[in-house]
Amino acid sequence: MSCDAAVAIVMVTYQPHRSSLLENLRQAMLQAGQVFLVDNGSDAAALQGIDELPGLRVERLGNNVGIAAAQNLGVSLARKLGYEWILFLDQDSCLHAGCVPALKSAYLHLENNGIPVAAVGAAYFNDT
């Protein structure tokens with residue numbers, strides 16, 4: 001699995017299932033230069049130990065301001081650190097190996113072929 005240091009991930013959470021969140025964060029952190037977790041007011045137990053993950057930046061909002069406001073905060077934080085590539089995830093998103101480089105490659109392929117691109121995204125499927 002490769003890490004793309006030019007990509008930041010913004011993950012928004014609200015009362016996540018702690019064990020699946022930890023796994024999803026680990027997978028995300030393997031593929032991006034920085035992961036920003038923006039929490040919409042979860043209780044302390046849901047995020048216990050999250051701050052201790054190396055390389056993760058956690059912003060706790062204290063209350064639920066909504067996904068768009070939380071994503072906008074994450075984008076602002078990423079832009080302040082110079083990131084131009086941002087991938088949005090929610091707390092249930094688990095990246096497969098190579099997902100981030102594949103998304104960036106797809107974007108660049110379209111752009112290099114003269115196709116205007118606003119965003120690219122992965123196909124969703126439910127493992128449950």
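**A guided tour from Asn-24**

Select Asn-24 first: leaving aside residues up to four places away in sequence, this residue touches Met-11, Gln-91, Asp-92, Ser-93 and Cys-94, where contact means heavy atoms within 4.5 Å. The structure is a predicted model, in which local features need pLDDT of at least 70 and side-chain atom pairs count only at pLDDT 80 or more, while totals for chains, interfaces and linings use all residues. Residues are numbered from 1 along each chain as its sequence is written, and side-chain values use heavy atoms, with hydrogens and water left out.

Is Asn-24 buried or exposed? Asn-24 counts as buried because its relative accessibility is 6%; buried means under 20% relative accessible area, exposed over 50%, and partly exposed in between (1.4 Å probe, protein chains only).

Next, select residues 18–31, helix H1, in which Asn-24 lies. Helices (H or I, at least four residues) and strands (E, at least two) are DSSP runs, numbered from the N terminus. H1 has 14 residues and reaches 20 Å from its first C-alpha to its last, close to the 20 Å expected at 1.5 Å a residue; the expected span is 1.5 Å times one less than the number of residues. Colour its buried residues: Leu-21, Leu-22, Asn-24, Leu-25, Gln-27, Ala-28 and Gln-31. The elements covering them include E1, E2, E3, E4 and H3.

Now display the sheet. Four strands form an open, parallel sheet in the order E3-E2-E1-E4; two strands pair if DSSP finds at least two bridges between them. Strand E3 (56–60) and strand E4 (85–90) stand at the edges, each with a single partner strand, so one side of each has no neighbour in the sheet. On average, neighbouring strands are turned by 20° against each other, direction ignored. Axes are lines fitted to C-alpha atoms, for helices over the stretch in contact, and angles run from 0 to 180 degrees between N-to-C directions.

Select strand E1 (residues 4–13), which pairs with E4 in the parallel sense over six bridges. Met-11 has Leu-89 in E4 as its bridge partner. H1 packs on this sheet, touching E1, strand E2 (32–39), E3 and E4, and its direction makes about 145° with that of E2. Helix H3 (residues 99–112) lies across E1 and E4, running at about 110° to E1.

Finally, select Gln-15 in the loop between E1 and H1. Most residues other than glycine have a negative phi. Gln-15 has a positive phi of about 50°, although it is not a glycine. With a relative accessible area of 35%, Gln-15 is partly exposed.
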